[in-house]
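Hello,

Here is the structure I promised to pass on. Have a look at it first, and my notes follow below.

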Amino acid sequence: MRYSETLLPTLKETPADAEVISHQLMLRAGFIRKLTAGVYSYLPLGLKAIRKVENIVREEMDRAGAQELLLPMVQPAELWQETGRYQKYGPELLRFKDRHERESCLGPTHEEVITDLARREIHSWRDLPINLYQIQTKFRDEIRPRFGLMRGREFIMKDAYSFDVSDEASLLSYQKMFDAYKRIFTRCGLDFRAVQADSGAIGGNYSHEFMVLAATGEDTIVVCNNCDYAANMEKAEVAAPAAGNDAVPLALEKVETPGKRKVVTVCEFLGINPQQLVKTMVYRVEKGDKVEFVAVCLRGDREVEEVKLKNLLGASEVELAEDKAVFDATGVPTGYLGPVGIRIRLVADQEVAVMRNFYAGGNEKNIHMKNINCGRDFTPEAVADLRQITIKDPCPQCGGRLSLTEGIEVGHVFKLGTRYSEAMNATFQDSEGQETPLVMGCYGIGVTRVVAAAIEQNHDRDGIIFPMPLAPMQVIIVNLDTDDEEITGAVENLYAELQAEGVEVLLDDREERPGIKFKDADLLGIPWRITVGRGFKKDGSFELRNRRSGEVESLAPESAARELKSRIDSELQID
RNA sequence: CGGGGAGUGGCUCAGUCUGGUAGAGCACUGCGUUCGGGACGCAGGGGUCGGAGGUUCAAAUCCUCUCUUCCCGACCA
């Protein structure tokens with residue numbers, strides 16, 4: 001590939017509307033250009049990086065026994081109506097009518113389409129298991145596209161769907177995908193973790209997210225410093241607290257706390273610490289079209305984890321209620337709410353159940369209570385893990401120390417069960433002749449996001465530093481004097497030799513000054529740079545430079561191509 | 001959808017407060033000098049100042065409406 005003939009419009013300055021580093025660098029390196037909000041054109045070099053990811057994904061999916069197909073992007077509304085998602089999916093699903101006024105939509109995902117295919121074509125247990133995948137452009141009309149390729153509306157995704165005869169078999173398929181994903185992200189040269197994810201109403205540990213660790217990540221994840229435990233913050237279980245102390249329950253008492261409403265002010269006033277206080281938060285809970293208010297009790301220094309609350313209540317939405325709504329529902333002003341005698345549904349964090357003789361609001365203005373004990377003075381409808389985990393908590397798996405990091409979600413594996421197959425009547429005959437719904441799993445990888453994540457994780461002030469497996473080009477040859485026949489001759493030879501070795505090489509044959517060529521080479525992030533110029537004139541050698549380490553060495557022209565080929569091969573080696 | 005910015009040549013921005021008929025740097029074209037980390041000189045090309053309406057002798061600048069875009073919150077690969 002000759003630079004002079006390639007559309008590779010690098011930018012010296014950073015476009016003003018790019019915030020995160022991967023977005024800035026991809027624009028500057030001439031990989032992408034924005035067409036409209038969240039929609040990008042992939043220019044030649046950007047596309048090459050994307051293809052690298054696609055090929056790794058393809059190889060590993062095939063290795064895991066999955067089969068590639070390609071499903072339509074335009075989908076009929078009827079399919080989505082069958083599963084109820086046409087209503088449920090919301091405005092993120094881009095809908096439109098065709099010329100015959102038929103309701104249609106652009107596929108944000110393909111469960112419906114694949115299930116439709118399966119119900120038509122899979123009839124017997126002999127056809128199973130089967131795993132089908134595609135690499136395709138998806139469209140989701142995101143509320144707020146941002147960060148370039150990290151959260152576009154249009155993006156390339158690999159999605160796979162497994163079909164099995166039973167839950168146990170489905171779990172096997174899930175495990176296979178889990179393993180394949182680990183190989184994929186390892187091969188991409190990424191620092192990542194597989195984390196337990198919120199699996200919503202289905203429950204169980206049948207959903208994992210693959211997170212690339214990077215400061216710009218949109219999710220917070222909890223990782224154990226000791227074992228392999230990793231979980232999405234929302235999902236991270238807090239270990240059950242040790243049984244409470246055996247303090248003798250004291251008599252319940254009211255205390256006056258005029259004007260003291262916040263945890264800190266109450267504690268200061270009463271001379272206690274927040275660990276002795278229980279706070280009561282009122283949530284507005286939506287369940288379908290029903291709305292009610294539910295109180296949540298937890299220790300004064302803890303925070304509610306709304307996802308846990310949502311799952312516990314089976315709610316579609318939970319939101320902290322406004323002061324006025326709280327008063328209307330409970331008859332108590334915020335700040336004085338407590339578990340004893342509260343008028344609305346009450347749930348408690350597990351920690352509250354083991355606290356002894358604690359303080360809480362008295363459900364009366366300017367009054368708190370002391371010596372409260374769960375079970376004696378009040379009984380919550382449910383006691384569960386409802387709070388956010390903190391780094392002070394022990395690892396739920398091994399008791400080790402936890403830490404928090406930011407992550408970019410690049411993959412998600414999910415066990416679907418029979419949700420779609422039942423809704424769409426996708427069944428097969430088992431070995432007994434019974435008509436049985438297919439057991440499904442789905443597995444996604446954000447291909448374009450992987451490229452962005454790789455750049456987030458691999459860059460310096462000069463530009464991108466591609467890991468070899470994702471590099472759009474493996475070597476860049478810089479011809480420092482295109483007018484010098486000797487140099488150009490040597491460069492052309494090397495270019496031909498490298499290509500003959502199967503090395504992907506970009507030849508910078510532009511009539512530009514050296515500084516410009518070096519800056520562009522660094523910006524593009526190509527792992528190896530060979531410079532032919534002054535040094536070659538002096539002693540007939542090429543200069544080889546490693547983009548990541550900056551190390552420079554000289555190469556003899558006769559062996560340069562072979563030497564590079566073997567280095568590249570070793571960098572692509574998979575164990 | 002709520003909150004906060006920003007729209008002036010391909011890019012980064014000045015000019016807007018205090019109206020007077022559009023500017024810099026980079027990029028681009030030509031010539032010359034340069035040539036190992038984003039050179040220099042000279043000469044050029046390129047702008048409906050996001051759009052519509054209004055105020056005014058006069059609008060990038062003031063007023064109204066509107067569109068786009070970026071950032072912060074709820075969704076997700």
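**Around the RNA**

RNA strand B is surrounded by 49 residues, the closest being A16, G446, G515, G533 and R534 (a residue is near a strand if its C-beta atom, placed from the backbone, lies within 6 Å of it). This is a predicted model: local features need pLDDT of at least 70, side-chain atom pairs count only at pLDDT 80 or more, and totals for chains, interfaces and linings use all residues. Residues are numbered from 1 along each chain as its sequence is written, while chains are lettered from A and ligands numbered from 1 in the order in which they are written.

Helix α14 gives the largest share of the surface near RNA strand B, 8 residues. Helices (H or I, at least four residues) and strands (E, at least two) are DSSP runs, numbered from the N terminus. By type, the residues of that surface are 16 nonpolar, 12 polar and 21 charged (Ala, Val, Leu, Ile, Met, Phe, Trp, Tyr, Cys and Pro count as nonpolar, Asp, Glu, Lys and Arg as charged, and the others, Gly among them, as polar).

**More on α14**

Helix α14 spans residues 514–524, and its buried residues are K517, D520, A521, D522 and L524 (buried: 20 or more other C-beta atoms within 10 Å of the residue's own, all placed from the backbone). Their packing partners include α2 (44–63) and β29 (528–532), where contact puts C-beta atoms, placed from the backbone, within 7 Å. After α14 comes G525, with a positive phi near 80 degrees.

Enjoy exploring!

Note on methods. Buried ≥ 20, exposed ≤ 12 C-beta atoms within 10 Å, placed from the backbone. Contact = placed C-beta atoms within 7 Å.
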